[in-house]
Amino acid sequence: MEDNQQTNNLAVASLVLGIVAVVGLCIPYVSYISWICAIVGIVLAVKANKISKTGMATAGLILSIVALALEVIMIIAILACGMTLLGALATA
């Protein structure tokens, strides 16, 4: 019974962190720290899935991975825009 409760707690925590990470991407300045929530959510979901496969842990894993991927894409886009702006200023 104790393993089931621990798995449920880990699964709920990973799901909540995944949701916070995805929602945090839409909020300015919060998006800078949402990747931390995504990484912690991935770790907790993997631990929960090792003990017992649950739907909440899988959902938390998917949400956290999506949030982390979107964060990487946003960082690449920001860097590309910055480099383009610097290149335009250098040639002006």
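Visitor: Which residues make up the largest nonpolar core?

Guide: Welcome! Keep in mind that this is a predicted model. Its largest nonpolar core has five residues: Leu10, Ala11, Leu44, Ala48 and Ala57. Helix 1 and helix 2 are the elements that give two or more residues to this core.

Visitor: What makes Ala48 a contact partner of other parts of the chain?

Guide: Contact asks for heavy atoms within 4.5 Å. Once neighbours within four places in sequence are left aside, Ala48 is in contact with Thr7, Leu10, Ala11 and Ala57.

Visitor: Why is Ser64 called buried?

Guide: Buried means under 20% relative accessible area. Ser64 has a relative accessibility of 0%, so Ser64 counts as buried. You will find Ser64 in helix 3, which covers residues 55–91.

Visitor: What is Ser64 in contact with, leaving aside its neighbours within four places in sequence?

Guide: The contacts of Ser64 are Ser14, Gly18, Ala38, Gly41 and Ile42.

Visitor: And why does Tyr29 count as exposed?

Guide: Here the cut-off is over 50%. Tyr29 reaches 67% relative accessibility, and therefore counts as exposed. Look for Tyr29 in the loop between helix 1 and helix 2.

Visitor: Which residues make the nonpolar surface patch?

Guide: Tyr29 and Val40 are among them, together with Ile19, Val23, Ile27, Val30, Tyr32, Ile33, Trp35, Ile36, Ile39 and Val43.

Visitor: Which element gives the largest share of the nonpolar patch?

Guide: That is helix 2, with five residues. Helix 1 and helix 2 each supply at least two.

Visitor: How do you know how confident the prediction is?

Guide: We look at pLDDT, the predictor's confidence in each residue, from 0 to 100. The protein chain averages 89, and 96% of the residues score at least 70. Confidence is highest in helix 2 (residues 34–51), at a mean of 93, and lowest in helix 1 (residues 2–24), at 86.

Conventions
Residues numbered from 1 in each chain as written. Predicted model: local features only at pLDDT ≥ 70, side-chain atom pairs only at ≥ 80, totals over all residues. Heavy atoms only, no water. Helix = DSSP H or I, 4+ residues; strand = E, 2+ residues; numbered from the N terminus. Core = buried A, V, L, I, M, F, W, Y, C linked by side-chain atoms within 4.5 Å. Buried < 20%, exposed > 50% of the residue type's maximum accessible area, 1.4 Å probe, protein only. Patch = residues over 30% accessible without salt bridge, like charges linked within 9 Å, V, L, I, M, F, W, Y side chains within 5 Å. Areas by Shrake-Rupley, 256 points an atom, 1.4 Å probe, with all protein chains shown as cover. Salt bridge = Lys/Arg side-chain N within 4 Å of Asp/Glu carboxyl O.
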